[in-house]
Amino acid sequence: MPAKAKRAMPETIRGTVVTQRRRCGKANCRCANDGPVHESVVLSYSEQGRSRVLILPREEVEAVRAATERYRAARKRLEEEANAGLAQLVSRLRQR
Ligand SMILES: [Zn+2]
């Protein structure tokens, strides 16, 4: 296993893992006719308001997907905690 693959995956990664299906545009490629189109698993994310994709090596797909799921779960927890905090403050200050 190459050293690169041993690097620890970050705990959370922003973005969504999706399978992209596309035709490459080469006239003589199988995908131009009846053959299957090209599939790649990518991390789709936004950077400065732009949507970007990063092609993922097959062996990293599951770990990246898991990190994006941890990110979504953490974001949801934070959102719920912050909403509860807001509700608490609102109810306390409105009672005065
Ligand atoms: Zn093609």
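In this predicted model, the secondary structure of the protein chain amounts to two helices and three strands, and the elements follow one another from the N terminus in the order α-β-β-β-α. The radius of gyration of the protein chain is 21 Å, well over the 12 Å given by the globule rule for 96 residues, so the chain is more spread out than a compact globule. The C-alpha trace spans about 75 × 35 × 20 Å along its principal axes. Buried residues account for 3% of the 96 residues in the protein chain, where a residue is counted as buried if 20 or more other C-beta atoms lie within 10 Å of its own.

The three strands form an open sheet with the order β1-β2-β3, in which the pairing is antiparallel. The antiparallel pair of β1 and β2 (residues 38-47) is joined by seven bridges, and T19 stands opposite V41 in β2. Helix α2, which comprises residues 61-94, packs on the sheet and touches both β1 and β2, its direction making about 130 degrees with that of β1.

Two residues in the loops between the strands were examined individually. D34 is located in the loop between β1 and β2, and it counts as exposed because it has 6 C-beta neighbours inside 10 Å, the limit for this class being 12 or fewer. Between D34 and E81 the separation in sequence is 47 residues, while their C-alpha atoms are 52 Å apart in space. Q48 lies in the loop between β2 and β3, and its phi is positive, at about 50 degrees, although Q48 is not a glycine. With 5 C-beta neighbours inside 10 Å, Q48 likewise counts as exposed.

Key: Residues numbered from 1 in each chain as written. Predicted model: local features only at pLDDT ≥ 70, side-chain atom pairs only at ≥ 80, totals over all residues. Pairing = 2+ DSSP bridges. Helix = DSSP H or I, 4+ residues; strand = E, 2+ residues; numbered from the N terminus. Contact = placed C-beta atoms within 7 Å. Axes fitted to C-alpha atoms, helices over the stretch in contact; angles between N-to-C directions. Rg over C-alpha atoms; globule rule 2.2 N^0.38 Å.
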